[in-house]
Amino acid sequence: MSDTQYLAAKTIDEAVQAHNQANGSARFLAGGTDLLVQIKSGIKKPNLVIDVKKIVELNNKLKKFQKMNLLLELQFLVLI
Ligand SMILES: Cc1cc2nc3c(=O)[nH]c(=O)nc-3n(C[C@H](O)[C@H](O)[C@H](O)COP(=O)(O)OP(=O)(O)OC[C@H]3O[C@@H](n4cnc5c(N)ncnc54)[C@H](O)[C@@H]3O)c2cc1C
């Protein structure tokens with residue numbers, strides 16, 4: 001992984017722009033459970049890894065989605 005660059009994007013725009021500039025040689029890193037395993041085993045060799053975990057906007061959306069999901073699950077439990 002020594003020739004792979006790492007970028008911790010702070011905004012969605014920054015992540016998308018970096019991805020576009022890399023012309024297909026960049027991969028997003030969300031949790032890393034798949035990507036890191038694939039890089040270590042040589043299946044994927046991205047020139048750039050773009051970490052999206054530090055994007056506040058995405059994290060806030062995820063939190064909202066998780067809350068909605070929890071509410072739906074609670075409603076479902078009340079109904080059954
Ligand atoms: C040991 C092991 C056990 C597992 N067990 C389970 C299980 O029990 N159930 C299950 O459902 N899955 C399981 N998985 C699969 C894995 O957890 C899922 O595929 C999970 O969705 C990976 O998420 P991640 O955030 O870690 O993705 P990453 O590893 O960060 O990325 C995976 C791929 O998605 C791309 N990607 C990431 N973010 C974006 C984005 N924003 N836009 C576009 N592309 C993106 C990456 O570039 C990469 O190609 C397992 C994997 C491993 C290695």
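## Basis of the model

The model is predicted, so local features need pLDDT of at least 70 and side-chain atom pairs count only at pLDDT 80 or more, while totals for chains, interfaces and linings use all residues. Residues are numbered from 1 along each chain as its sequence is written.

## Overall fold

The chain has three helices and three strands. Here helices (H or I, at least four residues) and strands (E, at least two) are DSSP runs, numbered from the N terminus. In sequence order the pattern is β-α-β-α-β-α. The radius of gyration is 17 Å, well over the 12 Å that the globule rule gives for 80 residues, so the chain is more spread out than a compact globule. That radius is taken over C-alpha atoms, and the globule rule is 2.2 Å times the number of residues to the power 0.38. Along its principal axes the C-alpha trace spans about 55 × 30 × 15 Å.

Of the 80 residues, 10% count as buried. A residue is buried if 20 or more other C-beta atoms lie within 10 Å of its own, exposed if 12 or fewer, and partly exposed in between, with C-beta atoms placed from the backbone. Among contacts between residues at least 6 apart in sequence, 56% join residues at least 24 apart. Two residues are in contact if their C-beta atoms, placed from the backbone, lie within 7 Å.

## Helix α3

Helix α3 covers residues 56-79. Its 24 residues should span 34 Å at 1.5 Å a residue, and its end C-alpha atoms are 35 Å apart, which agrees. The expected span is 1.5 Å times one less than the number of residues. The number of buried residues in α3 is zero, so this helix lies largely in the open.

## The nonpolar core

The largest nonpolar core has seven residues: Ala9, Ala15, Ala26, Leu29, Val49, Ile50 and Ile55. Such a core is a set of buried Ala, Val, Leu, Ile, Met, Phe, Trp, Tyr and Cys residues joined through C-beta atoms within 7 Å. Strands β2 and β3 (48-51) are the elements that give two or more residues to this core. In soluble globular proteins, nonpolar side chains tend to be buried together.

Leu29 is one of the core residues. Apart from neighbours within four places in sequence, Leu29 is in contact with Leu35, Val49, Ile50, Asp51 and Val52.

Asp51 lies in strand β3. It is partly exposed, with 16 C-beta neighbours inside 10 Å. Not counting residues up to four places away in sequence, Asp51 touches Tyr6, Leu7, Ala8, Ala9 and Leu29. Asp51 and Ala15 are 36 residues apart in sequence, and their C-alpha atoms are 8.1 Å apart.

## Around the ligand

The shell around the ligand consists of Arg27, Phe28, Leu29, Ala30, Gly31, Gly32, Thr33, Asp34, Leu35, Val37 and Val52. A residue is near a molecule if its C-beta atom, placed from the backbone, lies within 6 Å of it. Two or more shell residues come from each of β2 (26-29) and α2 (35-40). Strand β2 gives the largest share, three residues.

By type, the shell holds six nonpolar, three polar and two charged residues. Ala, Val, Leu, Ile, Met, Phe, Trp, Tyr, Cys and Pro count as nonpolar, Asp, Glu, Lys and Arg as charged, and the others, Gly among them, as polar. Gly32, one of the shell residues, sits in the loop between β2 and α2. Gly32 is partly exposed, with 13 C-beta neighbours inside 10 Å.

## Two further residues

Asn23 lies in the loop between α1 (12-21) and β2. Its phi is near 50°, a positive value in a residue other than glycine. Most residues other than glycine have a negative phi. Asn23 is exposed, with 8 other C-beta atoms within 10 Å.

Gln38 belongs to helix α2 and is partly exposed, with 15 other C-beta atoms within 10 Å. Leaving out residues up to four places away in sequence, Gln38 touches Ile43 and Lys44.
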